[in-house]
Amino acid sequence: MKLASKDLLGIKELTKDEITLVLDTASGFKDVLKRDIKKVPALRGKTAVNLFFEPSTRTKTSFELAEKRLSLDVLNLAVTTSSVVKGESLIDTALNVQALGADFMIIRHSSSGAAHLLSKKVNASVINAGDGVNEHPTQALLDAFTIKEKLGRIEGLKVAIVGDILHSRVAKSNIYLLAKFGVEVRIIGPPTLIPKELESHGVKVFHDMETGLRDVDVVMMLRIQMERQGKGFFPSTLEYFRYWGLTAERLSIADKDAIVMHPGPMNRGIEIASEIADGPRSVILEQVTNGIAVRMAVLYLLAGVRG
Amino acid sequence: MKILIKNGHIIDPSQGIDGVGDVLIEEGKIIEVRSQKSEVRSKEQKTRTSNSELRTIDASGLYVFPGLVDMHTHLREPGFEYKETIKTGTLAAVRGGITTVCAMPNTNPVNDNSSVTDLIIRKAIQEGACTVYPIGAITKGQKGEELAEMGIMHGEGCVAFSDDGMPVMNSLIMRRALEYSKTFNVPLISHCEDMNLSEGGVMNEGLLSVTLGLKGIPSEAEEVMVARDIALAGLTGGRLHIAHVSTEGSVRIIRAAKERGINVTAETCPHYFSITEAAVEGYNTNAKVNPPLRTASDVDAIKQGLKDGTIDVIATDHAPHHRDEKLREFDQSPSGISGLETALGLSLKLVEEGILTMKQLIEKMTINPAKIMGINKGTLKNGSDADVVIVNPDKDFKVEPEKFASKGKNTPFEGWVLKGAAVITICKGKIYEQ
């Protein structure tokens, strides 16, 4: 089986079978990562260009390592955030990168739809590494991989996503992915940070942790951005933690074997208590490791589409 | 101690009671309300054999209502104790038959954090004659910029939130506040005034303001905000309560919103259905109030709004000020009317005029505000706090501000003779005789 498209733009565009293919492939690459020599010659002679128009540490590092493990030649084009890149110059940049001989373009951009725009203009495979508040598909794939690895399945689980859903592309991609697997998705947070329209995607909206977390198998915490505080989304980080912070007491409401996830970077004491972040049910650092395997799988499978 | 109120005409809209009967109180709680016909012997025997003291009040020819609930009161403490204190304000309430007041947050410091909430609650328990529920500020310092810690304050005892007097002008912040407040299912009470339209105004805008040479506040300053807040309530699904409705246009907008199923309730105050802007003539600062007194057609529309249910609540907007502050140029005098001790008498006129039935009136002064605030008050249901007011409907009383329990003597009703006075007010079983 192959992926249908040369690009990975979002989870919306993938079928359940395609997602399963990525996860299975990633499983093989995870074994590679456990070896002493962590590199395979699978994509030797091909070139990947990382186009990051927005600051990123972990996604960029993860992609770069995944590319290097597959023996790709890697070019990092760090675009300063100060230079506001408009549609026209984004395409120009991409065409120049293509002229250099890029086979993969990994793009992170603050505007939703930037990856889609790029994919229409270049022959290289475009991988969306996060566009605005639209999607972050590889994060959702690595989250799914982690869930499957830890709990043995995805189907039939109950997953709570907690926090700033409104500004989160991670939440969106996860919601789309989990819905395809028939997961009961609950989103929990203050009404100011939850677009109620998401209910039409089949999720259940909760404004209190005590009901929302009941019996869930996975608690996915999202980062609360400090700058939201002054914008009227919530009064203070103190009050936020009081009502929506993940504490030991609240985690006890979830299933006794529930795992805790976070895409990072974390705000300890604001959305998650340190004892939970560092506790036995936290799989936060494993998510980081799995990210490399999943991104290797995506690169490998997309190369197969282009032949 | 036990109290038996006998043979009164009991009206308790929360239970649909309207008839002659008895109310039995024990240990500060309502034990039983019974109509005259029902079999009462066993209870009475029990009463007689009991060791505790029994006080019997003969209420023949009098009305017995649940203690009135005022959801819009300025107690001024902390910070403005020279205008009013929790002690004097609650004594004024009790005089007026009011057993529960909700205190607006525009104190100094503003009630925008749980420490101030806690202070008000403690003081009220120590010194208050009746029950006090604090209302927290929507935004920090009532500045309309950042949300106050609604959750924490709600946990401490705030039952609603309002930037009364300093409306949230920024529509985005109001939207967020309405959304955020849903978490705790608390109402936001909106003082509807477009501060740009009303800037510098001291009375209703119209012929009289021009004639007097005073700067006017158009009705539209209220109405555009009523419309805005209703639109935002529709968008967010938050609970919106419109404070002190004063204009015909506002009544129309709220009526239409209710027909569309928007989550909105509304209150007016006795002065908006009792007098018009004409009271300002002679530069009477005791008739300076915000929103300002309007015209006869507004008064008619308010009465109609009360009658058809558009306006759910009669609140006092009790706003006491020091005598010296009102003895100033009209422009410089603060706005506000001391209303706790005249609210019932003025409102009873609505029954006399045939606008409301007694039951409808009492509903708007007891269970309706209690429901909006989510408090277990305004009812004579078994087990609830023994808050009762006994009213003599035929007793005339003259409004004499010097005799007010309130420190605020600022009333435009001085010298009026009102019919219907609270003769006994009972707060959690404590009897205050007038």
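Predicted model: local features only at pLDDT ≥ 70, side-chain atom pairs only at ≥ 80, totals over all residues.
Residues are numbered from 1 along each chain as its sequence is written, chains are lettered from A and ligands numbered from 1 in the order in which they are written, and side-chain values use heavy atoms, with hydrogens and water left out.

**View 1. The interface of chain B and chain A.** Here 17 residues of chain B are in contact with 17 residues of chain A (contact: heavy atoms within 4.5 Å). The buried area is about 1,500 Å², and carbon and sulfur atoms give 58% of that; buried area is the accessible area (1.4 Å probe) that two parts lose on being put together, summed over both. On the chain B side, the most area is lost by I152(B), R176(B) and Y180(B), together 38% of what that side buries.

**View 2. Polar pairs and elements at the interface.** Eight residue pairs, with both residues at pLDDT 80 or more, are in polar contact between chain B and chain A. A polar contact is a pair of N or O atoms within 3.5 Å; within protein, one must be able to donate a hydrogen and the other to accept it, and residues adjacent in sequence count only if both atoms are side-chain atoms. Two or more residues of the chain B side come from each of α4 (150-156) and α5 (171-181) of chain B, and α5(B) gives the largest share, four residues. Helices (H or I, at least four residues) and strands (E, at least two) are DSSP runs, numbered from the N terminus. By class, this side has eight nonpolar, two polar and seven charged residues. Ala, Val, Leu, Ile, Met, Phe, Trp, Tyr, Cys and Pro count as nonpolar, Asp, Glu, Lys and Arg as charged, and the others, Gly among them, as polar.

View 3. The largest pocket has a volume of about 680 Å³. On a 1 Å grid over the protein atoms alone, a pocket is an open set of points with protein on both sides within 12 Å along at least five of seven lines, a cavity is a set where a 1.4 Å probe fits but cannot get out, and lining residues have an atom within 4 Å of a point. Grid points are joined across faces, edges and corners, and a volume is the space filled by probe spheres set on the points. Of the 24 lining residues, R108(A), R169(A), R223(A), G264(A) and P265(A) are the closest to the pocket centre. G264(A) and P265(A) are joined by a cis peptide bond, with omega about -10°. P265(A) belongs to the loop between β9 (259-261) and α10 (274-277) of chain A.

**View 4. The largest cavity.** Its volume is about 50 Å³. The lining includes H191(B), C192(B), E193(B) and R294(B), and divides into six nonpolar, two polar and three charged residues.

**View 5. A salt bridge in chain B.** D22(B) and R34(B) form a salt bridge at 3.9 Å, N to O (a side-chain nitrogen of Lys or Arg within 4 Å of a carboxyl oxygen of Asp or Glu). D22(B) lies in strand β2 (residues 17-26) and R34(B) in strand β3 (residues 29-35), 12 residues apart.

**View 6. Backbone at H244(B).** H244(B) is not a glycine, yet has a positive phi of about 25°. H244(B) sits in the loop between β13 (240-242) and α9 (248-259) of chain B.
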